[in-house]
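Here is a short tour of one structure, written for someone new to reading them. Keep the picture in view as you go.

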Amino acid sequence: MPQLALSGLSKSFKTGKVLDAVSLEADKGEIVVVFGPSGTGKTVLLRLIAGVEEPDTGTIMLEGRDVTDAAPEHRGIGMAFQNFALFPHMSAFDNIASALTAKKTTPATIRAKVEAVAKLLKIGHVLQHQPRELSNGQKQRTALARALVADPHILLLDDPLRNVDAKLRYEMRLELPALLKAAGSTVLYVTQDYKEAMALGDRIAVLLDGRLVQVAAPADVYREPASLGVARLFGDPTINLIPVEPAATQTGPAVVIGARSLQLPVGFAHAA
Amino acid sequence: MEQTSVFEKTIRAVLIALVLIFFLFPVLWIFLMSFQTNEDILRIPPSLFFTPTLDNYTALLTGKIKTATGTQEIAFLHNVLNSIYLSGASVIIALLLGVPAAYAFARFDFKMKEDIAFTLLSFRFAPPLLVLLPLSLFFEWAGLANTYSGLIWVYQLIAIPLILWIVRGYFEDISPDIEHAYRVAGHSWWATFTRIAVPLARPGIAAAGLLSFIFCWNNFVFALILASADKQPVTVGALNFVTAAGIQYGLVAAAVMLSITPTLLLALFAQRYLVEGLSLGAVKG
């Protein structure tokens with residue numbers, strides 16, 4: 001049984017259709033990176049799973065339970081928002097602890113858990129600070145700590161490295177995989193940076209214009225992109241695309257580029 | 001850094017002084033009047049030099065006025081208590097009703113939302129005299145005339161629109177994701193409202209509560225028509241000094257001083273909140 005199963009999720013806003021029949025499954029402990037350019041509905045997809053938005057059609061199953069109509073607080077997930085969404089009037093400690101206070105937990109347990117996750121993320125020394133006193137990197141780690149602290153089975157990370165500086169992003173890209181594996185959660189990680197996607201994902205789900213166009217291991221997406229659109233999104237510098245005319249010659253299939261012709265392996269015969 | 005010349009500073013000081021004199025002179029004049037006898041006040045031409053007397057204040061505080069026609073009982077302190085009770089209760093009720101309403105208007109979409117919000121606002125610019133006649137007839141019929149609860153109800157016309165519109169802007173300024181994050185962390189929407197939304201909108205709520213308190217306190221015409229002597233606030237109470245023996249200007253002045261003191265203190269105390277609250281809510285950050 002998959003830990004997370006989305007089937008046929010669609011969502012429209014006044015401006016048009018944002019998600020179109022998205023189906024995706026993730027197994028326990030798997031990190032699935034949802035990758036796509038901005039404006040393709042990645043964030044909306046996470047918000048649907050979190051219960052912050054309601055899908056028009058489709059179902060969301062978490063651990064075999066249909067939560068399509070459940071309130072966010074009854075889904076038992078952890079989420080880090082792209083804009084951090086820290087509570088401005090609470091200290092970093094209370095921000096992180098907020099994920100524990102809803103359940104019946106003793107203050108001592110809360111303290112122990114918060115301090116453990118803070119140590120892991122190296123923010124132990126700023127726990128008493130208000131969010132406005134934190135640097136961007138510390139804010140990002142606090143938001144991450146808040147998502148991780150309750151050991152959620154499902155973890156949703158919405159481009160958590162977007163608003164941090166390049167150096168920290170590089171460091172976190174190295175740290176995060178181990179951190180997420182240690183947490184043991186099933187992770188849905190949204191990003192629009194293909195390097196991040198390649199570095200973090202067990203699988204990459206490529207979202208283009210509200211549709212999932214390819215779901216595969218990073219190397220497969222890189223080597224065998226399902227479409228030109230996917231190919232364009234990966235690689236730096238971006239791949240060169242050259243229009244050619246296929247032709248059948250005596251020596252087999254070939255493509256014509258300007259005045260030159262390029263022989264193709266026999267397997268491409270159907271193209272000509 | 002901004003450079004200001006001596007000349008500019010002087011002009012500025014003069015202009016500010018002019019504005020202050022324009023607005024504060026009446027208050028100063030009434031302050032002086034409150035220490036004068038009626039004879040001093042009515043002297044022509046008026047004089048800045050007089051022998052100050054505390055008679056007006058003692059009369060108000062003891063509740064006995066000595067006039068040419070004899071001693072008269074007044075209940076001015078009772079009026080002050082009425083004002084505190086009426087305004088205070090009105091603002092508390094308006095906050096209990098208005099803050100959740102403001103939240104609903106800020107966060108949820110429902111049919112006729114803007115129409116309802118605008119209708120509520122329109123209570124503020126409809127002249128009170130327009131509704132007074134039907135209202136007083138209705139109050140007679142419903143047994144609400146001359147009751148505290150009746151007046152408090154009418155004061156909601158003043159307080160709720162103010163609170164609703166100021167606090168709504170505040171709630172709208174809070175990023176919805178902050179509330180979403182609290183929900184996802186496992187808290188109910190009610191907990192989110194009380195522990196996230198309300199604390200973050202507190203400056204706006206304080207400003208709106210304070211303003212509506214002052215507006216309720218200053219109300220005259222509703223209280224004049226809908227309540228009789230023992231339920232009347234200070235604004236109406238000052239009318240009692242128009243006696244058979246003539247208008248007791250000194251007493252009116254002292255009464256005014258006493259009745260503006262609570263709101264003045266409150267406003268001074270909460271000035272920071274007021275300015276912050278009113279400007280922050282208006283401008284999207």
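## Charges in chain B

## What you're looking at

This is a predicted model, so local features need pLDDT of at least 70 and side-chain atom pairs count only at pLDDT 80 or more, whereas totals for chains, interfaces and linings use all residues. Residues are numbered from 1 along each chain as its sequence is written, chains are lettered from A and ligands numbered from 1 in the order in which they are written, and side-chain values use heavy atoms, with hydrogens and water left out.

## Chain B as a whole

Chain B has 14 helices and 4 strands. These are DSSP runs numbered from the N terminus, with at least four residues (H or I) for a helix and at least two (E) for a strand.

Of the 285 residues in chain B, 42% are buried (under 20% relative accessible area; exposed is over 50%, partly exposed is in between, with a 1.4 Å probe and protein chains only). Now take the contacts (heavy atoms within 4.5 Å) with a separation of 6 or more: 72% of them in chain B link residues 24 or more positions apart.

## A closer look at B:L164

Where does B:L164 sit? You'll find B:L164 in helix 7 of chain B, which covers residues 148–173. With 1% relative accessibility, B:L164 counts as buried. Leaving out residues up to four places away in sequence, B:L164 touches B:G98, B:A101, B:A102, B:F105 and B:L120.

Over in chain A, strand 11 (residues 245–249) runs antiparallel to strand 12 (residues 252–257), and 5 bridges join them. Two strands pair if DSSP finds at least two bridges between them. A hairpin with 2 residues links strand 11 to strand 12 of chain A, and A:A247 stands opposite A:A254.

Strand 12 of chain A is also joined to strand 13 (residues 260–263) of chain A, antiparallel again, by 4 bridges. Here A:V256 stands opposite A:S261. These two strands form a hairpin with 2 residues between them, and A:G258 in the turn has a positive phi of about 60°.
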